[in-house]
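Here are my notes on this model, as numbered points. Please read them with the structure open.

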Amino acid sequence: DAAQVLDDLHDQLPTSVFALAASDSDVPIPRSYAEAITSPHAEMWKSAMDAEMASLKQHHVWDLVDKPDGVIAHPSKWVFDLKRRADGSIERPKARFVGKGFNQVLGRDYTSTYVPMVRSESLRAILAAFLSEPDGCVFRQFDVKTAYLHAPLDQPLFVRQPDGYDVPGKVCLL
């Protein structure tokens, strides 16, 4: 039974793994761009934002255009986190530029999709199936710094520029 396999795995993990996950960070994670640039670790967060912007530019995620009249540019924000090693030490800071999709309005832009996510139930089912196989499965994990879906958009989608990198009068056309 897959649930039993997961329960057994949980019981085998050392308590320190859970303690590490619950411990407070020595580097506070900013909740906004303003917090990031005014924190004692501002240079670290700025470096992470610069890396994200370089990746967005390299992948040609948007064109910077004049904001058309009557067009609603969706709000955006920075999301920050820390990538940690297995021992809990900081490997690198992470900054992601995201659109605030929760501002969508039925009848205007409600069918737009911004960030596809894997459902936790799907991930658990895959892991349970993997763990239930006695032999023959090889599990590999790797870290992807940036990933983008290449899917055609059926309508123009405008997003406000990232804080700290904005050009007056312009918006991002995805």
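1. Start with Asp66. Asp66 has a relative accessible area of 53%, so it counts as exposed. This is a predicted model, and the points below should be read that way.

2. Asp66 has a partner. Its side chain meets that of Lys170 in a salt bridge, at 2.9 Å from N to O. Lys170 sits in strand S5 and Asp66 in strand S1, so the pair ties together parts 104 residues apart in sequence. Lys170 is partly exposed, at 29% relative accessible area.

3. S1 and S5 (residues 170–173) run antiparallel over four bridges. Within this pairing, Val65 stands opposite Val171 of S5.

4. What is the order of strands in the open sheet? The order is S1-S5-S4, with antiparallel pairing. S1 (63–66) and S4 (158–159) are the edge strands, each pairing on one side only. As a reminder, strands of a sheet pair through backbone hydrogen bonds.

5. Four salt bridges are counted. Besides Lys170–Asp66, there is one between Lys46 and Asp50, whose closest N and O atoms are 2.7 Å apart.

6. Glu35 and Arg31 form another salt bridge, at 3.2 Å from N to O. Here the partners sit in separate accessibility classes. Glu35 is partly exposed, at 29%, whereas Arg31 is exposed, at 66%.

7. On the overall layout, the protein chain has five helices and five strands. Along the sequence they follow the pattern α-α-α-α-β-β-β-α-β-β. Of the contacts with a separation of 6 or more, 63% join residues 24 or more positions apart.

8. On burial and surface, 20% of the 174 residues are buried. The chain exposes about 12600 Å², and carbon and sulfur atoms supply 56% of that area.

9. Confidence needs a caveat. The mean pLDDT is 77, and 67% of the residues score at least 70. Where pLDDT is low, the predicted coordinates should not be read in detail.

Key: Residues numbered from 1 in each chain as written. Predicted model: local features only at pLDDT ≥ 70, side-chain atom pairs only at ≥ 80, totals over all residues. Heavy atoms only, no water. Pairing = 2+ DSSP bridges. Helix = DSSP H or I, 4+ residues; strand = E, 2+ residues; numbered from the N terminus. Buried < 20%, exposed > 50% of the residue type's maximum accessible area, 1.4 Å probe, protein only. Contact = heavy atoms within 4.5 Å. Areas by Shrake-Rupley, 256 points an atom, 1.4 Å probe, with all protein chains shown as cover. pLDDT = per-residue confidence, 0-100.
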